[in-house]
Amino acid sequence: MSFNVQINRLAGNEDIELPRKMSELASGFDLYAAVTEDIVFLPGQRGLVPTGLAIAMPAGLEAQIRPRSGLAFKHGITCLNTPGTIDADYRGEIKVLLINLGEEPFTIKRNERIAQMVFQIVPEVNLIPVDELSDTERGAGGFGHTGKN
Ligand SMILES: O=c1ccn([C@H]2C[C@H](O)[C@@H](COP(=O)(O)OP(=O)(O)OP(=O)(O)O)O2)c(=O)[nH]1
Ligand SMILES: [Mg+2]
């Protein structure tokens with residue numbers, strides 16, 4: 001399946017790399033930081049990092065903003081609201097909500113890769129209010145109900 005998604009570099013961000021797949025079959029397009037100066041995330045600190053980009057995708061798609069595992073593993077940098085949700089009707093700047101869960105300050109420079117954007121199909125769902133639901137074997141069991149192993 002293939003979709004066209006329009007992408008717009010916002011004014012002042014002509015130098016920002018367009019989101020890029022780093023290997024042929026990668027799921028995510030890496031996103032680049034559009035900070036105007038270096039920003040430092042102290043341990044425990046969170047903040048919105050601009051990407052300098054806005055997109056328009058067809059109805060029925062969403063984009064998810066996900067962490068990069070390398071940043072998470074090496075530095076404890078992750079997306080606080082992962083996966084971030086970009087709605088198909090959102091036309092504002094895509095921003096990445098990062099948090100430093102590591103022990104060291106982490107500096108982000110302009111045009112560094114900070115996260116990745118994965119497109120997903122969102123089915124159209126109609127919620128039907130009812131008084132009773134169908135029975136299942138699981139019923140209301142959850143949260144470890146089936147045991148550890
Ligand atoms: O990581 C993110 C998450 C969201 N957004 C933008 C696009 C999205 O369409 C909009 C709203 O996001 P969400 O629905 O997650 O936030 P909300 O707190 O429910 O805000 P709203 O009331 O605007 O929907 O904010 C981002 O740029 N980055
Ligand atoms: Mg919302």
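**Strands and ligand shell**

Mentor: In this predicted model, strand β6 (residues 61-66) pairs with strand β11 (residues 113-121) in the antiparallel sense, over 6 bridges. Within that pairing, Ala-63 has Phe-119 of β11 as its bridge partner. β6 is also joined by 3 bridges to strand β8 (residues 84-86), again running antiparallel. There, Gln-64 stands opposite Thr-85 of β8.

Now the ligand. Ligand 1 is surrounded by Ile-65, Asn-81, Gly-84, Thr-85, Ile-86, Asp-87, Tyr-90, Ile-94, Lys-95 and Leu-97. The largest share of this shell, 3 residues, is supplied by β8, and β9 (95-100) also gives at least two residues. Sorted by class, the shell holds 5 nonpolar, 3 polar and 2 charged residues.

Two shell residues show a contrast. Ile-86 is found in strand β8 and counts as buried, because 20 other C-beta atoms lie within 10 Å and the cut-off for buried is 20 or more. Apart from neighbours within four places in sequence, Ile-86 is in contact with Glu-62, Ala-63, Ile-65 and Ile-94. Asp-87 sits in the loop between β8 and β9; with 11 other C-beta atoms within 10 Å, Asp-87 is exposed.

As for the record, an unreviewed UniProt entry lists Arg-68, Ser-69, Gly-70, Asn-81, Thr-85, Ile-86 and Asp-87 under "binding site". These residues span 20 residues in sequence, and their farthest two C-alpha atoms are 26.3 Å apart, so they do not all gather at one spot.

Conventions
Residues are numbered from 1 along each chain as its sequence is written. Chains are lettered from A and ligands numbered from 1 in the order in which they are written. This is a predicted model: local features need pLDDT of at least 70, side-chain atom pairs count only at pLDDT 80 or more; totals for chains, interfaces and linings use all residues. Two strands pair if DSSP finds at least two bridges between them. Helices (H or I, at least four residues) and strands (E, at least two) are DSSP runs, numbered from the N terminus. A residue is near a molecule or strand if its C-beta atom, placed from the backbone, lies within 6 Å of it. Ala, Val, Leu, Ile, Met, Phe, Trp, Tyr, Cys and Pro count as nonpolar, Asp, Glu, Lys and Arg as charged, and the others, Gly among them, as polar. UniProt positions are given in the numbering used here, feature names are shortened, and annotations may be inferred rather than shown by experiment. A residue is buried if 20 or more other C-beta atoms lie within 10 Å of its own, exposed if 12 or fewer, and partly exposed in between; C-beta atoms are placed from the backbone. Two residues are in contact if their C-beta atoms, placed from the backbone, lie within 7 Å.
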